[in-house]
Amino acid sequence: MIFLSGCLAGVGVMAVSLGAVSIPLSKTWAILFQHFFGAGSPGAGDVKDSSIILDLRLPRVIAGALVGAALSVAGSVLQALLRNPLADPYILGISSGAAVGAVLCIIFGLGATILGSYAVPGAAFTGALLTLLFVYFIARVEGRVPAQTMLLTGVIISAFFSAIIMFLISVTSDERLYSVTFWLMGNLEYVASQALGVIFIYLLLGSAVLFSLAKDLNLMSMGEETASELGVEVERVKKTAFIFTSLITGAVVSVSGLIGFVGLAVPHLTRMIWGPDHRFLIPASALLGAMVLILADTIARTVMAPSEIPVGVVTALGGAPFFVYLLRRRRLAGNP
Amino acid sequence: MPAILRMESVCFQYPGREVFHDLTFGLEEGEILGLIGPNSSGKTTLLKLMDGLLNPKQGKIFLEGKDLRKVSRREVARKIAVVPQEMEAPFSFTAGEIVLMGRAPYMGRFGWEKQRDLKIAREGMALTDIAHLEKRPFAELSQGEKQRVLIARALAQEPRVMLLDEPTSHLDINHQVEINELIRSLNVEKNLTVMNISHDLNLAAEYSHRIVLLSSGSIYAMGTPSMVITEENIRRVYETMVMVEKNPVSGAPRVTPLAKAKMEKAGLQKTIHIICGEGSGADSARRLLLRGYRVSLGVLNIGDSDEKFGKALGLTMALEEPFSPISERAYRENQGLIEKADLIIVERFLVGYGNLANLKAAIEALKKGKRVVVLENDLQYDFTKGEARGCYQWLQEGGAEFITDHSLILKEVEKVKS
């Protein structure tokens, strides 16, 4: 875990130094050190570099880390909860709810009102929360939420919201269409640094709660009956996990849009390296997910510099082949 | 003995299907209870109710006198361990990790397994003979190995009660016996109370103190193995013909299934009389019955294995008292059966003065123009000082069909016009 944290810091610093304007690693270190510890003294003419690093890149790298970590934690938990290796944070429809909120907000131009830059994330988060309640109450039968029902409800709600989004796109004027598409593809460009604190708190709280369920999730992945036989209060764990994965997913999706494949592939990658024990899997996939998304975003920023491609495109382009590889490998190993 | 786990007037239904109506029964402390019954008689449902995985619609279940619904799952898991029929693990947990999960009800929310937990898990693995599988992924194990892992996990729970759902159904005979012996020794040494669902009536009879026979959601019979496992009960509940004897070694009842007699479907309308003894006739009789022929046997001494077979299948037989020579009465009875038969088969049996009359009856039949098929008999042990040999010569000269092998019997039977 310490090793992983070290890796994450290294990747972070490297990502900060890379970009349209390349700043040497040593200088990046110096600037960061000076900023956080007040030590050292960067030479003259560094005001510009310092500004690029501290005001532009650092918040973005932090955003990447938070989003990647949140998606990966949510993915790990949902894969165990639903006993479905193809589950990802979006499978329960939370993201599509957020998307509807965000798209509505963009189309009606609420960003120009007093809400300003908070408008889209706010609308998206509201959409996510409403979807959470919606799915939960549809799937609930006599005080229980059967995993299969929840899964199906999520899939259906996603399909329904996708249709709404398609409809909205089809009636949207061209200049707003660009914003809508860019949001849907997922990117970290517009994450306001003020929002980072809020997301961080959500992530910390949510992950802590989910981590406290780690041992129960190990048992839940063997099936709800087995878990119950071994002393897990299954319904309580399911509800808690459902609510907190939704909250952290909703929180990050509302600022970053739909970044795919991280929440699906990172948990698998982590399991392949360190095994399936959730007491280790949850923190490890948070760190690994953070790293993966920082890397993906660095690629998104730099391959076609100075113009950018959405990071969601990078994760999908890299993630899909990786996942195919995983599937093939598992089949060859005789595991379905 | 007090009941450690007790159901009181429990009703339970799945949507649209009532399983139990007013079921009352208790698992007594320190016993090994065998739960038997045909498919869909409610055995697994009963097990799930007893562990609190399902809640009764009416009635209550008590664990050590406490209402099971008011006991936390954690507490239940420390008292009751369940060994399911099978379990799938979607992720690559190792066998050792799965066994350690049995310690979950003793661990804190954030805790890792302590030395003591590891020790208990390893003990369970040693007892179930899977110590060498510790690092192997559970998903890659064979069914039998998986089942032993699940039993080891149940042992790691250090339960007072163990509920097993056909724990040995995937195991070879060696591990079947080993697991049952293990359960017996835990029962003796740790006073573990056991309920064991089984489709293997013989293993259930062998290892259970008490047996409950379930039939479509109610208790058909309950008591010691020899009280419950009777030909009558099994025939009624399983709708199968069986023979129940005492296992000569253990004294427990031993069940042998018999092929279902389809005499009512006697489409071929032929009657075959088999002269036999000491089990020589059962083989042919079974084959002929399965083909839909009517079969009669004679003369047999009561207690002879052919007689037991015929009795279990309800065949018509000419009988003689145990160990007695064939009397005039029995001889005539036999002749009556021969009279009605389309074909007589003389099986290969030992001949002594007691049953010499059976060969004479065959000669008699031949004289009356009956078709007689004789299995060649080298009479290695002739207890009649040559008289039996004489009879066989008679049969041969009189035109009986001699065959060397049972497989030829059906052919002979088909030749006969009814």
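This is a predicted model: local features need pLDDT of at least 70, side-chain atom pairs count only at pLDDT 80 or more; totals for chains, interfaces and linings use all residues.
Local features were taken at pLDDT of at least 70 and side-chain atom pairs at pLDDT 80 or more, whereas totals for chains, interfaces and linings use all residues; side-chain values rest on heavy atoms, with hydrogens and water left out. Residues are numbered from 1 along each chain as its sequence is written, and chains are lettered from A and ligands numbered from 1 in the order in which they are written.

The contact (heavy atoms within 4.5 Å) involves 28 residues of chain A and 32 residues of chain B. Together the two chains bury about 2700 Å², of which 59% falls on carbon and sulfur atoms; buried area is the accessible area (1.4 Å probe) that two parts lose on being put together, summed over both. Of the area that chain B buries against chain A, 25% is supplied by Arg73(B), Phe91(B) and Arg109(B), more than by any other three residues.

Five residue pairs are in polar contact between chain B and chain A, both residues being at pLDDT 80 or more. A polar contact is a pair of N or O atoms within 3.5 Å; within protein, one must be able to donate a hydrogen and the other to accept it, and residues adjacent in sequence count only if both atoms are side-chain atoms. On the side of chain B that touches chain A, the elements giving two or more residues are helix 2 (73-79), strand 6 (80-83) and helix 3 (95-100) of chain B. The largest share, three residues, comes from helix 2 of chain B. Helices (H or I, at least four residues) and strands (E, at least two) are DSSP runs, numbered from the N terminus.

Side chains of opposite charge can pair when their charged atoms come close. With a salt bridge defined as a side-chain nitrogen of Lys or Arg within 4 Å of a carboxyl oxygen of Asp or Glu, the count over all chains is 33. Two salt bridges cross the interface of chain B and chain A. Glu113(B) and Arg279(A) form a salt bridge at 3.1 Å, N to O.

Within chain B, Arg371(B) and Glu412(B) are joined by a salt bridge with their closest N and O atoms 3.1 Å apart. Arg371(B) lies in the loop between helix 13 (356-367) and strand 17 (372-375), and Glu412(B) in helix 15 (residues 409-415), so the pair ties together parts of chain B that are 41 residues apart in sequence. Arg371(B) is partly exposed at 35% relative accessible area, whereas Glu412(B) is buried at 6%; buried means under 20%, exposed over 50%, and partly exposed in between (1.4 Å probe, protein chains only). Salt bridges that share partners also join Glu29(B), Glu64(B), Glu75(B), Lys79(B) and Arg160(B) into one network.

In helix 10 (residues 282-290) of chain B, Asp283(B) and Arg286(B) are three residues apart and therefore separated by about one helical turn. Their salt bridge has its closest N and O atoms 3.8 Å apart. Asp283(B) is partly exposed at 41%, as is Arg286(B) at 30%.

On the surface, Met14(A), Leu18(A), Leu25(A), Trp29(A), Phe33(A) and Leu295(A) form a nonpolar patch with about 520 Å² of accessible area together. Patches are made of residues with over 30% relative accessible area and no salt bridge, like charges being joined within 9 Å and nonpolar side chains (Val, Leu, Ile, Met, Phe, Trp, Tyr) within 5 Å. Accessible areas come from the Shrake-Rupley method with a 1.4 Å probe; for residues, only the protein chains shown count as cover. Helix 2 (residues 25-37) of chain A contributes the largest share of the patch, three residues. Leu25(A), found in this helix, is partly exposed at 43% relative accessibility.
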